[in-house]
Each structure stands twice: as structure tokens, then as C-alpha cells.
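Hello,

Here is the structure I promised to pass on to you. Have a look at it first, and then read on for my notes.

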Amino acid sequence: MIDLHYWTTPNGHKITMFLEEAGLPYTIFPVNIGKGEQFQPDFLKIAPNNRMPAIVDHEPKDGGEPISVFESGAILIYLAEKTGKFIAEDIRGRVAALEWLMWQMGGLGPMAGQNHHFAIYAPEKIPYAIDRYVNETNRLYAVLNKRLADREFVAGEYSIADMASYPWIVPYERQGQNLDDFPNLRRWFNAVRERPGTIRAYEKAKEVNPQQMQMSEEDKKVLFGQTGGVVKA
Ligand SMILES: N[C@@H](CCC(=O)N[C@@H](CS)C(=O)NCC(=O)O)C(=O)O
């Protein structure tokens, strides 16, 4: 019913986590971003930002034509609304889930992504850039740790807000972070990691791409240094 255009990165894992938790039938269409498959014209029709994940729902709620969605946050909201799962029905719980989803989309994801870039992938190790993103990741971990001090999950019940953040905490060592400094975050991390839906989602990733997060020099040439020139009019 759902086509998932996916690669084995944190933003991709968010969606397999949802689909596995919800038990929705889906088919994975791998988008090998290191090989430039995100630039294929058919993919760009549904994902104009040349980034995965994206989905196509062949059985949308209104019974009409298939609906495509890009941006992992929009996909999680779409799927939560479609299934009525993993977002609270009451306005306060719903606001909390959306706030923390946006926090991840605008903060944790981009900052941890730049952290990986400058600390691991950049050919030149620039201390200012590494410190900037390691420190900002550290601040964001502390914010999440505080949020989790008096609740089991980020927005109360397990929700799309947890699914958005978890895959970005998985590589905490690569981000220069130590979960011992964040006891509430560690407790939450272990709880999400042990969920059967999470286990199945990460098993699926190993099937699709046994290389996981390793990146070759060829991959880096495709991924880094993109300008507006990659966007064909
Ligand atoms: N804000 C987007 C970010 C998606 C994103 O950055 N995807 C990366 C992999 S994690 C990608 O497809 N990169 C391909 C490229 O850089 O060309 C989302 O959350 O969906």
C-alpha cells in the first residue's frame, strides 16, 4: 500500500520505525544516495529536494489518486494522521508531539548532521566547525535529557516525536557524546531500542544496505559540494 523510497540513514530509519510499529504494509524502493539515485527524474517528481525519504500512499484516506510525501517530518505526520497512531488525539498531547518533532527537524537533525560532516567526513579537520557542532549537539542532548526527566517518552506516550529523534541519537559516539552524561536520555534510548518495531526497522536496514553508514570517496563526491547546478530547470 505504501511505497517507501529509502536509504539506510537516520532520516530513513524514522519512517521504517513508524511503518514497523504501525504494522502498515510497505515496499522499500532503495535510493542509494552515494550512487546519485536521488537525482533520478522519477524520484525527483515526488522528492524535489533530491533527498530521501519519500513515500507514495496508493490508498489515501480520501480514496483518490495516490499521494506522495517528502520530508521525514511531513511523512511522520501524514502516517500518524492516516492511522490515528503515534500522535495524541487531545490537543495538548498533539501540540507536544508536533513541537518535539519540529525540534528534531530544525535542531537535532541538522546540527548532528553537520557534526558528522565536519568531525568525520570533511577532508580538512576544522576545529572551530567541529567544536561548534559537537557543542550544539551536546546542548540539544541536554535539552532532551531534561525533557525526559519526568516522562517516559518525549510527548508522553510513544509517538512520532520519539521516532524522529531516536535515529539521530544512535550515532552518539560519532557525535562526540557520552550517554552517561544524560541519564534520562539513556533510559529513553534503551527503551526505544528494545521495542520490537525498532528492532525490525534496523534489521530491514541491514538487508537493504549491509554497508550501513560507511561512505566511500566516490559516495562523498556525489554527496558533498552540491550547488544549485544539481537542480535541473
Ligand atoms: N529534512 C529532510 C532531510 C533528508 C536528508 O537530508 N536526506 C539525506 C540522507 S539523511 C539525503 O537524501 N541525502 C542525499 C543528498 O545529499 O544528495 C528530511 O528530514 O527528510
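This is a predicted model: local features need pLDDT of at least 70, side-chain atom pairs count only at pLDDT 80 or more; totals for chains, interfaces and linings use all residues.

**The ligand and its shell**

The ligand is surrounded by 13 residues, and the closest are Gln38, Met52, Glu71, Ser72 and Gln226. By class, this shell is made up of 5 nonpolar, 6 polar and 2 charged residues.

Ser72 places a polar side-chain atom 2.6 Å from an oxygen atom of the ligand. Gln226 also has a polar side-chain atom by a ligand oxygen, here at 2.8 Å.

**The largest pocket**

Where does the ligand sit? You will find it in the largest pocket, which holds about 1200 Å³ of space. This pocket has a lining of 41 residues, and those nearest its centre are Thr9, Asn11, Ile33, Arg51 and Trp168. Sorted by class, the lining comprises 14 nonpolar, 22 polar and 5 charged residues.

Which helix supplies the largest share of that lining? The answer is helix 4, with 9 residues. Helix 4 spans 91–121, and helix 1 (10–22) and helix 9 (217–223) likewise each supply at least two lining residues.

**The second largest pocket**

The second largest pocket has a volume of about 270 Å³. It is lined by 15 residues, with His13, Val170, Tyr202, Lys206 and Gln212 the closest to its centre. Helix 8 gives the most to this lining, namely 5 residues. At least two residues each come from helix 1, helix 6 (160–169) and helix 8 (196–208). By class, the lining of the second largest pocket has 8 nonpolar, 3 polar and 4 charged residues.

**Two backbone details**

Both of these involve residues named above or their neighbours in the chain. The peptide bond from Met52 to Pro53 is cis, with omega near 5°. Met52 is also among the residues closest to the ligand. Pro53 itself is found in the loop between helix 2 (41–46) and strand 3 (54–57).

The other detail concerns Glu71, whose phi is near 80°, a positive value in a residue other than glycine. Glu71 lies in the loop that runs between strand 4 (67–70) and helix 3 (72–83).

Terms used: Residues are numbered from 1 along each chain as its sequence is written. Side-chain values use heavy atoms; hydrogens and water are left out. A residue is near a molecule or strand if one of its heavy atoms lies within 4 Å of it. A polar contact is a pair of N or O atoms within 3.5 Å; within protein, one must be able to donate a hydrogen and the other to accept it, and residues adjacent in sequence count only if both atoms are side-chain atoms. On a 1 Å grid over the protein atoms alone, a cavity is a set of points where a 1.4 Å probe fits but cannot get out, and a pocket is an open set with protein on both sides within 12 Å along at least five of seven lines; lining residues have an atom within 4 Å of a point. A molecule sits in a cavity or pocket if more than half of its atoms lie within 2 Å of its grid points. Ala, Val, Leu, Ile, Met, Phe, Trp, Tyr, Cys and Pro count as nonpolar, Asp, Glu, Lys and Arg as charged, and the others, Gly among them, as polar. Grid points are joined across faces, edges and corners, and a volume is the space filled by probe spheres set on the points. Helices (H or I, at least four residues) and strands (E, at least two) are DSSP runs, numbered from the N terminus.
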